[in-house]
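Trainee: I should like to learn how to read a helical protein model. Could you guide me through one?

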Amino acid sequence: ILARYSRPAGSDHNDKVALTKAPAMQERIWQIERAISKYKSTDLNRFASALFELGVLTLKNGDYNRSIAVFNEIIPIAKAEGRTVWLGAAHANLGAIFKDTGQIDVARQHFAEELAAARACGDGGWEQRAAAKLA
C-alpha cells in the first residue's frame, strides 16, 4: 500500500510527512468526489464548493493535471451562472499552477482573467493582489 504513495524524491522529513498524510488526503478526495456526484444536479453552490475543494486538494497532492481539469470545469459554470468570484478564483488557481510549472505566459493569461474578475466585483484589495501577480 505504501508503494502507491511513494515519491521519487529522497526520504527526507518532508517525504515522510507526505507519506503519512497521503492516505488521509486520498480519503478526503474520495469524500469530495462523492459530494460532487451528489450535488451536481441538485445544489449548485455545494457542487461548486466541492469542485473548488477538489481542485485545491489535488493541487496540494501534486496532481496538477487533475487540478487543472477541475478548475477548468468551474469556468463555464461560473460564466453561465454569472458567478464572477468563482470565475476569478478558478483563474487565480490555474495561474498559480501554470506559474509553478514554468508556463509563465499561460499563467499570465489566467492572472489577467483573475484581475478582470476582481475589477468586475469592485473588490479593490483583490484587484491589487491580482495586479501584483502580473507585475
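This is a predicted model: local features need pLDDT of at least 70, side-chain atom pairs count only at pLDDT 80 or more; totals for chains, interfaces and linings use all residues.

Trainee: How many helices and strands does the secondary structure of the protein chain come to?

Mentor: There are six helices and zero strands; from the N terminus on, the order reads α-α-α-α-α-α. Of the 135 residues, 35% count as buried. Among contacts between residues at least 6 apart in sequence, 39% join residues at least 24 apart.

Trainee: What span should helix α2 have, and how far apart are its end C-alpha atoms?

Mentor: Helix α2 covers residues 44-60, that is, 17 residues, and at 1.5 Å a residue it should span 24 Å. Its end C-alpha atoms are 24 Å apart, which agrees.

Trainee: What is found at the start of α2, and what just after it?

Mentor: At the start, a side-chain oxygen of Asp43 comes to within 3.2 Å of the backbone nitrogen of Asn45. Just after α2, Gly62 has a positive phi of about 85°.

Trainee: Which residues of α2 are buried?

Mentor: An α-helix has 3.6 residues a turn, so residues three or four places apart point the same way. In α2 the buried residues include Phe47, Leu51, Leu54 and Thr58. In α3, the buried residues include Phe71, Ile74 and Ala78; the buried residues of α3 pack against α2 and α4.

Trainee: At what angle do α2 and helix α4 pack?

Mentor: Two packed helices are described by the angle between their axes and the distance between the axes. For α2 and α4 (residues 84-100), the angle is about 10° and the axes are 11 Å apart. The two helices are therefore roughly parallel to each other. On the α2 side the contact is made by Leu44, Asn45, Ala48, Phe52 and Leu59, and on the α4 side by Trp86, Ala89, Ala90 and Ile97. By class, this contact has eight nonpolar, one polar and no charged residues.

Trainee: Why does His91 count as buried?

Mentor: His91 lies in helix α4. Its relative accessibility is 6%, and buried means under 20%, so His91 counts as buried. Leaving aside residues up to four places away in sequence, His91 touches Ile75, His110, Glu113 and Glu114.

Definitions and conventions: Residues are numbered from 1 along each chain as its sequence is written. Side-chain values use heavy atoms; hydrogens and water are left out. Helices (H or I, at least four residues) and strands (E, at least two) are DSSP runs, numbered from the N terminus. The expected span of a helix is 1.5 Å times one less than its number of residues. Buried means under 20% relative accessible area, exposed over 50%, partly exposed in between (1.4 Å probe, protein chains only). A polar contact is a pair of N or O atoms within 3.5 Å; within protein, one must be able to donate a hydrogen and the other to accept it, and residues adjacent in sequence count only if both atoms are side-chain atoms. Axes are lines fitted to C-alpha atoms, for helices over the stretch in contact, and angles run from 0 to 180 degrees between N-to-C directions. Angles under 35 degrees count as roughly parallel, over 145 as roughly antiparallel, 65 to 115 as roughly perpendicular and the rest as oblique. Contact means heavy atoms within 4.5 Å. Ala, Val, Leu, Ile, Met, Phe, Trp, Tyr, Cys and Pro count as nonpolar, Asp, Glu, Lys and Arg as charged, and the others, Gly among them, as polar.
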